Structures are given as structure tokens and as C-alpha cells.
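Look at the sequence and the model below.

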Amino acid sequence: MDTAICGRVALSPNPVFHPKPGDKRIGLVRDKVAPKAPTVLVKKSRKISPPYRVMLHNDDYNKREYVVQVLMKVIPGMTVDNAVNIMQEAHINGLSVVIICAQADAEEHCTQLRGNGLRSSIEPASGGS
């Protein structure tokens, strides 16, 4: 066994010192540390609301250019090309999908479209496309 002497205390590969009450020896003392509890990752699951479609309805009151401007103002990330396509589809077919998103966002977009004079509604996106 390989041991080294340091002062008066013998060092060994496994130095454990268990002092007894009243023991006055000074040496290597390793604090007893409680083992760490295993780390447990807890995932908080958020209930994901089902997606909703924001629908744009055709009307006979608003100019096409105005509809495109409102879509770009109200819908985040809406490009001119997408807004024109959505407006055209609503004009030709009477109805078009503006965006599919969470229910709360869909309600907000619908309210904003209506607040700008456009006819809009929401519906669950499940089923169909």
C-alpha cells in the first residue's frame, strides 16, 4: 500500500477520519456532505389550444387597395403579395383564409379587421385543411 506521511498524519488513498468526542487530533477531516438528490426535470405542459382560421368575407363597400392595406397593418408579417392574394380570393370566392393561429390571436385579428371596416369571422381549423 502506498502511503505518504505528512507531519504526523498518515495519508492514504482513502483518507477518512472519524473524530470521537474529546479527540484532539488535528488532521485531514472531510466534511460529510449529503449526496445530491438526483436532478429531475419537470416539464410543465401547457394545454395547446386548437388552431383557428381567421376568415375574410367579401363586401361591396371597401376598395381592394384598402383591404390589402388593412391586412398588412393588422396581420403580423403579412406581405403585399399575400394580402393581394387573400383579397382576390375573398373577392372571387366570397371568402378567404387570412391566417391560422391560436384562438386568442384569431379573435384579436378578427376584432382588428372588423374595427377597420372589413367583414371577418373565425372558425376552428380542425377538419378540412
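Start with Gln88, which is partly exposed, with a relative accessible area of 28%. Here, buried means under 20% relative accessible area, exposed means over 50%, and partly exposed lies in between, using a 1.4 Å probe and protein chains only. The model is a predicted one, in which local features need pLDDT of at least 70 and side-chain atom pairs count only at pLDDT 80 or more, while totals for chains, interfaces and linings use all residues. Residues are numbered from 1 along each chain as its sequence is written, and side-chain values use heavy atoms, with hydrogens and water left out.

Gln88 is found in helix α2. Its C-alpha atom is separated by 9.9 Å from that of Val67, a residue 21 positions away along the chain. Helices (H or I, at least four residues) and strands (E, at least two) are DSSP runs, numbered from the N terminus. Helix α2 covers residues 80-93, 14 residues in total, and reaches 20 Å from its first C-alpha to its last, close to the 20 Å expected at 1.5 Å a residue. The expected span is 1.5 Å times one less than the number of residues.

Which residues of α2 are buried? They are Ala83, Ile86, Met87 and Ala90. These residues are on the same side of α2 because they cover an arc of only 95° around the axis, the arc being that of the directions from the helix axis to the C-beta atoms. Asp81, Ile92 and Asn93, on the other side of α2, are exposed. The cover over the buried residues of α2 includes β3 (51-57), α1 (64-74) and β4 (95-102). After α2 comes Gly94, with a positive phi near 90°.

Val84 also lies in helix α2 and is partly exposed, at a relative accessible area of 31%. Together with Met72 and Val80, Val84 forms a nonpolar patch on the surface, with about 210 Å² of accessible area.

Helix α3 can be read in a similar way. Its 13 residues (103-115) should span 18 Å at 1.5 Å a residue, and its end C-alpha atoms are 18 Å apart, which agrees. Ala106, His109, Cys110 and Leu113 are the buried residues of α3. Seen down the axis, they fall within an arc of 100°, so they line one face of the helix. On the other side of α3, Ala104, Thr111 and Gly115 are exposed. Among the elements that cover the buried residues of α3 are β3, α1, β4 and β5. Just after α3, Gly117 has a positive phi of about 85°.

Next come charged side chains. Side chains of opposite charge can pair when their charged atoms come close. A salt bridge is a side-chain nitrogen of Lys or Arg within 4 Å of a carboxyl oxygen of Asp or Glu. How many salt bridges does the whole structure hold? A search finds one. It joins Glu123 and Arg53, whose closest N and O atoms are 2.8 Å apart. The pair links distant parts of the chain, with Glu123 in strand β5 (residues 119-124) and Arg53 in strand β3, 70 residues apart. Glu123 is partly exposed, with a relative accessible area of 30%, whereas Arg53 is buried, at 8%.

Finally, consider the whole chain. The protein chain has three helices and five strands, running β-β-β-α-α-β-α-β from the N terminus. Of its 129 residues, 24% are buried.

Key. Contact = heavy atoms within 4.5 Å. Patch = residues over 30% accessible without salt bridge, like charges linked within 9 Å, V, L, I, M, F, W, Y side chains within 5 Å. Areas by Shrake-Rupley, 256 points an atom, 1.4 Å probe, with all protein chains shown as cover.
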